Amino acid sequence: MQIYLVGGAVRDRLLGRPANDRDYVVVGATPQQMAEQGYKPVGKDFPVFLHPHSGEEYALARTERKSGRGYAGFAFDTSHTVTLDDDLRRRDLTINAMAEDADGRLVDPFGGAQDLERRVLRHVSDAFVEDPVRLLRVARFAARYAPLGFTLAPETQDLLRAMVHNGEVDHLVAERVWAETRRALTEPQPSAFLRVLRDCGALGRLFPPIDALYGVPQRAEYHPEIDTGIHTEMVVDMAARLAPGDALIGWCALVHDLGKALTPTEQWPRHVGHEASGVAPIRALGERYRPPTEFVELAVLCCRLHLNAHRAFELRPSTVVELFEQLDGFRKKERVEQFLLVCSADKRGRLGLNEAPYPQADWLRRAFAAAAAIDAKPFVARGLTGPAIGEAVRRERIAIVSALKPPAEPRNG
């Protein structure tokens, strides 16, 4: 029995990054031998064991053979004759197909260390095309490592296109698409995820409302980048910067402008009413991929209301309070900050404006803090009951927002 550290832990050590998970491959062992040494079996499709003390995962070396379409269409061989090279060969990218032995010596049969130095994401073998999830994984790794200068090898890009052309991508199940997308939105540069999917044709298959944004122009005085698809890329990257690792903010940023793809071409580059027309495609994506309810709810609110944040200084105090009410902010106070982060990403996710101030958000934070501090108890003490209490609280909230006197600011749509 030989045990090797594999995958991401090896890759991240060579990159000088902390390794969050440590996975091991066991060569030359049987499930019975693992159990006899105290390892606890947990794998469903193939033998995976938990170490009796550390709880880390140890998997028997295995090979895969395609037996059907999609992610689940594989037959596995985990016999004790499977070698380490056999196991590494089935992996997706060369940078993930390295191992270390017990003495820390690198095992790198496919040139992963060299690809790390060259900053290249390259597939291990042509068997890559057999698993459509790998297309999403590569796009997600691009989102993680693009800030380090990583690019996709041309031959790997060709394989991704082949997976779309031959229909393999159409066999992705919704749960896997959502899981990989959600993780991609927590990476430092989610725009790279979108670009990889779009370059191979997968974005149009998996996220048609997002793909449709590319080529749709916007008013240059508000959007110097002009193209709505490019704007969306810039917004998700800004969201990753303002709220690192927050997939909820990233998702809302990604879909906030879907209505612009529905604007009749004769109205370009204006997009009157896009905040209302964008709700339906957000809900359609929610039906297709079943993200958590809060993702759909907040995304709809950000889509419908983001222009109100941009023109906050023009709004009547009653409209400001209504904005907080529409966000359900007085019950779910975190909603207001989440909304303002998305709006800030939208404002600063524009060509040349990534460092621009967004005083609307700061003022709305102040206004909300003041309005939320109004308590119903004094009105109850005066003898008010029922709806009259809520009406009195609302009047007081409007009055206190009115007293804040926001600075004058030109509208920015």
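Let's start with a definition: buried means under 20% relative accessible area, exposed means over 50%, and partly exposed lies in between, using a 1.4 Å probe and protein chains only. The model here is predicted, so local features need pLDDT of at least 70 and side-chain atom pairs count only at pLDDT 80 or more, while totals for chains, interfaces and linings use all residues. Residues are numbered from 1 along each chain as its sequence is written, and side-chain values use heavy atoms, with hydrogens and water left out.

**Exercise 1.** Work out whether Arg119 and Asp328 are buried, exposed or partly exposed.

*Solution.* Step one: find Arg119, which sits in the loop between helix H4 (112–118) and strand S10 (120–121). Helices (H or I, at least four residues) and strands (E, at least two) are DSSP runs, numbered from the N terminus. Step two: check the backbone. Arg119 isn't a glycine, yet its phi is positive, about 60°. Step three: Arg119 has 28% relative accessibility, so it counts as partly exposed.

Now for Asp328, in the loop between helix H16 (317–326) and helix H17 (334–348). Asp328 also isn't a glycine, and its phi is positive, near 60°. Its relative accessibility is 21%, so Asp328 is partly exposed.

**Exercise 2.** Find the strands that pair with S1.

*Solution.* Two strands pair if DSSP finds at least two bridges between them. Step one: S1 (residues 2–6) runs antiparallel to S2 (residues 23–27), with 5 bridges. Here Tyr4 has Val25 as its bridge partner. Step two: S1 also pairs with S8 (residues 99–100) in the antiparallel sense, over 2 bridges. In that pairing, Leu5 is opposite Glu100.

**Exercise 3.** Explore the nonpolar cores, and see which residues Leu364 contacts.

*Solution.* A nonpolar core is a set of buried Ala, Val, Leu, Ile, Met, Phe, Trp, Tyr and Cys residues joined through side-chain atoms within 4.5 Å. Step one: the largest core has 107 residues, and Leu364 is one of those touching the most other members, along with Leu135, Leu160, Leu206, Phe207, Trp251 and Phe339. Helix H15 (residues 293–310) gives this core its largest share, 10 residues. Step two: contact means heavy atoms within 4.5 Å. Setting aside neighbours within four places in sequence, Leu364 contacts Ala309, Ala312, Val320, Leu323, Phe324 and Leu340. Step three: a second, separate core has 11 residues, including Tyr4, Val6, Leu84 and Ala97.
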